[in-house]
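Please examine the sequence and the structure shown below.

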Amino acid sequence: MSSTADFDPRLAWQQEDLLLNSFGAFLKRKFGGRTQRVSIDAGFTCPNVDGAVAKGGCNFCDNRSFSPSRRVRLRQVGEQLESGITSVRGRYNKVTGFIAYFQPATNTYAPVEQLQEVFQLALSLDDQVVGLAIGTRPDCVPESVLSMIEGLARESYISVEYGMQTIHDKGLDWMNRAHSHADMVNAIDRSRGRGFECCAHVILGVPGETHAMMMETANEIGVLGFDAVKIHNLYAVRGTPLGQQVIDGDIKMMDRDDYVNTVVDFLERIPPEVVVERISGDAPPSFLIEPKWCLEKSILRLDIESEFRRRGTRQGSHFVAPGVAPADRAVPMDSTPQAIRDQIEMRGRLPVLKMEG
Ligand code: SF4
């Protein structure tokens, strides 16, 4: 029988009549009120675009603006955050805190001192900024970056969002990710237990992936000990290779009923402690090509919850603990590709990004 002393706050949702460990409720418990993310484009590029590991980028990503000549725009980071905060305050009466969300491109792909400066600027801009969310690739977190983030996490809430997408290399190749699942395993095994949260970004509906393969990805969330997950349906936007394939009729997107069932199956298999940050993905209507059903987010969410009720299950109902607990997994050597490390760690070279005041 559990006592208060060993109660895990990440399981509080189970006593609140919820069906899943939803992010909004988690943040409310953690920070004592509504906490909103404010998205920031700091001007980073991506090693899958500038040629460090590949060119062209992922097939679903509109990366046309991620040119190698981009600049980290320090002043604009402050301006974007301030205007995002003002806009959220205008929309909601009471907001307890803000999370600065470094979202587009690869937000750990710059000399580590520059990264630290940008992140510290965001954290110190407003008393209500309680933390950061940093979106990145699994092959772009050398030890220097993880140590720097670990330092920030001693004072603030930090979530590192890894683009895992799928555990199947065939699917990663189809997306032109230019990294393997082994890179993801290496990154999370070096990231876990360092005081910041590790979130896995997953895509369901990758062409060629069976239901069983997607469930293998679900099982890996518990095996690798992620703290959080963001689940997206595959969707196609204008100006991307995937978008063109969908327009040409070469790719078919998952249908809505199939997605609802697959998400519920997925959530049943992940640990109850894992915070669920998203259960679908979408894009602005003018950019989205397919599927259109993902635009009705709140109805989709209600249908996912109805399916849980119909089954009499909830998140974690079918979770099977791995043979080796994540905390007992060995910490591997850093496998960050040299071409990426060169941009982040080598001094005396022209950095991939120039810093602008
Ligand atoms: S790794 Fe991320 S930023 Fe880079 S091309 Fe892929 S989705 Fe876009």
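## Basis of the description

This is a predicted model, in which local features need pLDDT of at least 70 and side-chain atom pairs count only at pLDDT 80 or more, while totals for chains, interfaces and linings use all residues. Residues are numbered from 1 along each chain as its sequence is written.

## The chain as a whole

The chain holds 11 helices and 11 strands; these are DSSP runs numbered from the N terminus, helices being H or I with at least four residues and strands E with at least two. Its C-alpha trace spans about 60 × 55 × 45 Å along the principal axes. For 357 residues, a compact globule would have a radius of gyration near 21 Å, and the 20 Å of the chain agrees with this. That radius is taken over C-alpha atoms, and the globule rule is 2.2 Å times the number of residues to the power 0.38.

Of the 357 residues, 42% are buried. A residue counts as buried if 20 or more other C-beta atoms, placed from the backbone, lie within 10 Å of its own. Among contacts with a separation of 6 or more, 83% join residues 24 or more positions apart; two residues are in contact if their C-beta atoms, placed from the backbone, lie within 7 Å.

## Surroundings of the ligand

The ligand is surrounded by Cys46, Asn48, Val49, Gly57, Cys58, Cys61, Asn63, Ala105, Thr106, Arg137 and Gly163. Here a residue is near a molecule if its C-beta atom, placed from the backbone, lies within 6 Å of it. This shell divides into five nonpolar, five polar and one charged residue. Ala, Val, Leu, Ile, Met, Phe, Trp, Tyr, Cys and Pro count as nonpolar, Asp, Glu, Lys and Arg as charged, and the others, Gly among them, as polar.

The largest nonpolar core has 88 residues, of which Ala100, Leu204, Phe226 and Val229 touch the most other members. Such a core is a set of buried Ala, Val, Leu, Ile, Met, Phe, Trp, Tyr and Cys residues joined through C-beta atoms within 7 Å. Leaving aside residues up to four places away in sequence, valine 229 touches Cys199, Ala200, Val202, Ile221, Ile270, Val274, Val276 and Glu277.

Helix H9 covers residues 256-269, and its end C-alpha atoms are 20 Å apart, in agreement with the 20 Å that its 14 residues should span; the expected span is 1.5 Å times one less than the number of residues. Its buried residues include Tyr259, Val263 and Phe266. Strand S6 (197-204), helix H7 (211-224) and helix H10 (297-311) are among the elements that cover the buried residues of H9.

## Strand S5

Tyrosine 162 belongs to strand S5 (residues 157-165). It is buried, because 26 other C-beta atoms lie within 10 Å. Its contacts include Thr136, Met184, Cys199 and His201.

Glutamine 165 also lies in strand S5. Its phi is near 70°, a positive value in a residue other than glycine. With 25 other C-beta atoms within 10 Å, glutamine 165 is buried.

## Selected loops

Serine 280 occupies the loop between strand S9 (275-278) and strand S10 (288-290), and it is buried. Among its contacts are His232, Cys294 and Leu300. A cis peptide bond, with omega about -10°, joins glutamate 290 and proline 291; proline 291 is in the loop between S10 and H10.

Terms used: A residue is buried if 20 or more other C-beta atoms lie within 10 Å of its own, exposed if 12 or fewer, and partly exposed in between; C-beta atoms are placed from the backbone.
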